[in-house]
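Reader: I am new to this structure. Please walk me through it in short steps.

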Amino acid sequence: FDYKPVFDQYLTDVKIPELQVYLSDDKKSFAYRYSNCNKNFNLPLVLKNDRSKLALKPTTDWQKISLTDEQFPLIDKASVEKMYYLNQVTVTQNPL
């Protein structure tokens with residue numbers, strides 16, 4: 001994995017990256033991307049608890065995945081922001 005875009009973001013820019021997220025009403029699908037960051041920013045995220053794990057590779061382009069009932073609680077704003085230096089922003093309109 002090439003961490004250069006991650007280092008470029010955190011060492012040369014004062015903007016805090018945003019993880020934009022969209023959760024479907026049925027909580028079965030999840031769309032996400034980075035914004036407020038350098039174009040090539042690509043910090044991978046691993047979200048986990050004692051029952052489930054979710055590995056994400058966000059970019060500045062929207063991506064969509066299906067979620068299990070066990071994975072849904074992992075998309076918790078406070079937990080994500082505690083683990084990673086970024087802001088999580090919920091998008092209300094389906095971006096895809």
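Reader: In helix α2, which residue lies 4 residues apart from lysine 77, about one turn of the helix?
Author: This is a predicted model. Lysine 77 also forms a salt bridge, with closest N and O atoms 2.7 Å apart. The residue about one turn of the helix away, and in that bridge, is glutamate 81.

Reader: Is lysine 77 buried, partly exposed or exposed?
Author: Its relative accessible area is 42%.

Reader: How many salt bridges does the structure hold?
Author: One of them joins lysine 15 and aspartate 13, with closest N and O atoms 3.7 Å apart. Another joins aspartate 69 and lysine 28, at 2.7 Å. The total is 4.

Reader: How many residues apart are aspartate 69 and lysine 28?
Author: These two form a salt bridge. Aspartate 69 sits in the loop between β5 and α2, lysine 28 in the loop between β1 and β2. The pair links distant parts of the chain, with a separation of 41 residues.

Reader: What is the volume of the largest pocket?
Author: Its lining includes Val46, Pro73 and Met83. β3 and α2 each supply at least two lining residues. The lining divides into 6 nonpolar, 2 polar and 1 charged. The volume is about 150 Å³.

Reader: Is leucine 11 buried or exposed?
Author: Leucine 11 is in helix α1. With Phe1, Tyr3 and Phe7, Leu11 makes a nonpolar surface patch of about 500 Å². Its relative accessible area is 69%, and the cut-off is over 50%, so leucine 11 is exposed.

Notes:
Residues are numbered from 1 along each chain as its sequence is written. This is a predicted model: local features need pLDDT of at least 70, side-chain atom pairs count only at pLDDT 80 or more; totals for chains, interfaces and linings use all residues. Side-chain values use heavy atoms; hydrogens and water are left out. On a 1 Å grid over the protein atoms alone, a cavity is a set of points where a 1.4 Å probe fits but cannot get out, and a pocket is an open set with protein on both sides within 12 Å along at least five of seven lines; lining residues have an atom within 4 Å of a point. Grid points are joined across faces, edges and corners, and a volume is the space filled by probe spheres set on the points. Ala, Val, Leu, Ile, Met, Phe, Trp, Tyr, Cys and Pro count as nonpolar, Asp, Glu, Lys and Arg as charged, and the others, Gly among them, as polar. Patches are made of residues with over 30% relative accessible area and no salt bridge: like charges are joined within 9 Å, nonpolar side chains (Val, Leu, Ile, Met, Phe, Trp, Tyr) within 5 Å. Accessible areas come from the Shrake-Rupley method with a 1.4 Å probe; for residues, only the protein chains shown count as cover. A salt bridge is a side-chain nitrogen of Lys or Arg within 4 Å of a carboxyl oxygen of Asp or Glu. Buried means under 20% relative accessible area, exposed over 50%, partly exposed in between (1.4 Å probe, protein chains only).
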